Amino acid sequence: MKNIIIIGATSGIGRALALAYLKKGYQVGVTGRRIELLQELVTLFPKTCLYSAFDITQETAIHAFQNLVLKMGSVDLVIVNSGIGNWNPRNEWEIDKNTIETNVTGFARMSMAAFSVFLNQGFGHLVGISSVASYFGYGKAAAYNASKSFVSNYLSGLRHRAILSKKDIFVTDIQPGFITTPLIANKQEVKGAISAERMAEIVIPKLERHPKIIIVPYRWKFAVLLAKILPDSLIQRMS
Ligand SMILES: NC(=O)c1ccc[n+]([C@@H]2O[C@H](COP(=O)([O-])OP(=O)(O)OC[C@H]3O[C@@H](n4cnc5c(N)ncnc54)[C@H](OP(=O)(O)O)[C@@H]3O)[C@@H](O)[C@H]2O)c1
């Protein structure tokens with residue numbers, strides 16, 4: 001039986017992944033700030049689901065995460081999923097600051113905490129949720145896209161560190177396109193989005209093979225390719 005921790009499991013992608021792993025019979029530690037939503041998951045799977053409520057923007061999150069690992073005994077897979085994605089049409093610093101504190105500092109804080117546990121144990125799989133947005137700048141959400149570039153680059157560095165450690169540590173960067181969750185609700189009409197449950201179905205078997213990157217849904221691979229070759233002036237028109 002695998003022990004899995006999902007950071008940010010109260011809604012959307014994290015909740016869908018948590019439910020899918022719980023249905024497989026794994027022991028799953030779920031986290032997030034909304035305690036009642038975490039307790040709801042424990043009520044559904046009282047024998048195999050544990051929770052710890054914490055805010056990844058706070059330094060105390062590291063200790064809370066370590067305590068959760070202690071309760072579980074060890075951890076095979078940590079998915080750092082927590083993230084926010086607000087547009088910033090009026091150029092407000094608070095919005096970008098919150099995005100950076102959550103998606104950059106908070107993400108690095110939790111990834112580093114998981115990586116340290118893996119180094120001590122000698123094994124583990126770290127998964128971060130970046131985005132296809134990591135490949136280009138976007139006027140409506142400059143901090144969000146930049147934060148996802150950080151996530152992908154940071155995971156790439158941790159993967160190199162894992163290889164140098166010569167331990168059984170793996171790092172995967174999941175880059176979703178549009179997934180129907182509260183994060184994209186009330187934004188522009190989104191075409192071709194898939195549900196978080198479908199994303200979990202696609203991603204879970206792939207994670208068994210410890211790939212470096214998973215782009216999901218697959219068709220977003222072509223958008224990524226275009227983002228790499230199109231001139232910035234064309235990409236700018238989408239902003
Ligand atoms: N939906 C998409 O189209 C899409 C596309 C690409 C990438 N992504 C990425 O996928 C990840 C999950 O997003 P989602 O779409 O599933 O959105 P969501 O439904 O809004 O879920 C976000 C999760 O992050 C947690 N979270 C946010 N701020 C937190 C904080 N300060 N401390 C602890 N947990 C925090 C939330 O929990 P609490 O609020 O309970 O704390 C929630 O569980 C994000 O990293 C997002 O950038 C989403």
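**Ligand and aromatic pairs**

Modeller: In this predicted model, a nitrogen atom of the ligand is 3.0 Å from an N or O atom in the side chain of Ser82.

Biologist: And how far is the polar side-chain atom of Thr181 from an oxygen atom of the ligand?

Modeller: That polar side-chain atom of Thr181 lies 2.5 Å from the ligand oxygen. With Gly177, a polar backbone atom is 3.4 Å from an oxygen atom of the ligand.

Biologist: How much of the ligand does the protein bury?

Modeller: The ligand exposes 880 Å² when taken alone, and the protein buries 95% of that.

Biologist: How many residues surround the ligand, and which are the closest?

Modeller: There are 31 residues around the ligand, and the closest are Thr10, Ser11, Arg33, Tyr144 and Thr181. By type, the shell divides into 13 nonpolar, 14 polar and four charged residues.

Biologist: Let us change topic. How many aromatic pairs does the structure hold?

Modeller: The structure holds five aromatic pairs. In one of them, the ring centres of Trp87 and Tyr138 are 6.3 Å apart and the planes stand at 70 degrees, so this pair is edge-to-face.

Biologist: Why does that pair tie together separate parts of the sequence?

Modeller: Trp87 belongs to the loop between strand E4 (77–80) and helix H4 (93–121), while Tyr138 belongs to the loop between strand E5 (123–129) and helix H5 (142–165), so the pair ties together parts that are 51 residues apart in sequence.

Biologist: Is Tyr138 buried or exposed? And what about Trp87?

Modeller: Tyr138 counts as buried because its relative accessibility is 14%, under the 20% limit. Trp87, at 27% relative accessibility, counts as partly exposed.

Biologist: Which residue lies over the face of Trp87?

Modeller: Lys140 lies over that face, at 5.3 Å from the ring centre of Trp87.

Biologist: What about the pair formed by Phe178 and Trp220?

Modeller: Phe178 and Trp220 form an edge-to-face pair, with 5.3 Å centre to centre and 90 degrees between the planes. The pair links distant parts of the chain, 42 residues apart: Phe178 is in the loop between strand E6 (168–176) and strand E7 (179–180), and Trp220 is in helix H7 (residues 220–229). Phe178 is partly exposed, at a relative accessible area of 26%.

Biologist: Finally, which residues form one aromatic cluster?

Modeller: Phe107, Phe150 and Tyr154 form that cluster.

Note on methods. Residues numbered from 1 in each chain as written. Predicted model: local features only at pLDDT ≥ 70, side-chain atom pairs only at ≥ 80, totals over all residues. Heavy atoms only, no water. Phe/Tyr/Trp six-rings, centres within 6.5 Å; stacked < 30°, edge-to-face > 60°. Helix = DSSP H or I, 4+ residues; strand = E, 2+ residues; numbered from the N terminus. Buried < 20%, exposed > 50% of the residue type's maximum accessible area, 1.4 Å probe, protein only. Lys NZ or Arg CZ within 6 Å of the ring centre and 35° of its normal. Near = heavy atom within 4 Å. Polar contact = N/O pair within 3.5 Å; in protein donor to acceptor, adjacent residues only side chain to side chain. Areas by Shrake-Rupley, 256 points an atom, 1.4 Å probe, with all protein chains shown as cover. Nonpolar A, V, L, I, M, F, W, Y, C, P; charged D, E, K, R; others polar.
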